[in-house]
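Colleague: I would like to learn how to read a pair of aromatic rings in a model. Could you take me through it step by step?

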Amino acid sequence: MNSRGGAALLKDSIPITEFSASGPFEGHDLLRRGFTSVKNELLPSHPLELAEKNFQLNQDKTNFATLRNIQGLHAPLKLQMEFRAVKQVQRLPFLHSSNIALDTLRGSDECIGFEDILNDPSQSEVMGEPHMMMEYKLGLL
């Protein structure tokens, strides 16, 4: 006989998922699956939506390929190194960074786009608590 007893034998032989309700009236199990988010279940509504989200990445790839064909391998590598160096320069985490140097390298510093007027709410001008934001960035929290 099993040393754990009869209850353990019954528990091992019947999966717990058998006890859950199934069908259209099934309740969502918060403990096992967490909170539901409609945003995660949505599919792109239009085929061009994914292309629009990755527009800058696709444009950079095209520009690098063109530059490589015209000037050789060194030109896109140099430009990519400059992009990485410029992306690392940021203000303190509680201040908004405009990344003007990156815009200048891409040639979009003189263009006014949608993101310049109606920007992402996470980059609002509301300043957070500086000490907590620095501790979070440094990994102390």
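Modeller: Let us begin with the overall fold: the protein has nine helices and zero strands, where helices (H or I, at least four residues) and strands (E, at least two) are DSSP runs numbered from the N terminus. This is a predicted model, in which local features need pLDDT of at least 70, side-chain atom pairs count only at pLDDT 80 or more, and totals for chains, interfaces and linings use all residues. Residues are numbered from 1 along each chain as its sequence is written, and side-chain values use heavy atoms, with hydrogens and water left out.

Colleague: How is a pair of aromatic rings described?

Modeller: In general, one gives the distance of the centres and the angle of the planes. Rings of Phe, Tyr and Trp (its six-membered ring) pair if their centres lie within 6.5 Å, and planes under 30 degrees apart count as stacked, over 60 as edge-to-face and the rest as tilted. By this rule there is one aromatic pair here: phenylalanine 64 and phenylalanine 83 are tilted, with 5.9 Å centre to centre and 50 degrees between the planes. Phenylalanine 64 lies in helix H5 (residues 55-71) and phenylalanine 83 in helix H6 (residues 74-88), so the pair ties together parts that are 19 residues apart in sequence.

Colleague: Do phenylalanine 64 and phenylalanine 83 count as buried or exposed?

Modeller: Buried means under 20% relative accessible area, exposed over 50%, and partly exposed in between (1.4 Å probe, protein chains only). Phenylalanine 64 counts as buried at 14% relative accessibility, and phenylalanine 83 counts as buried at 8%.
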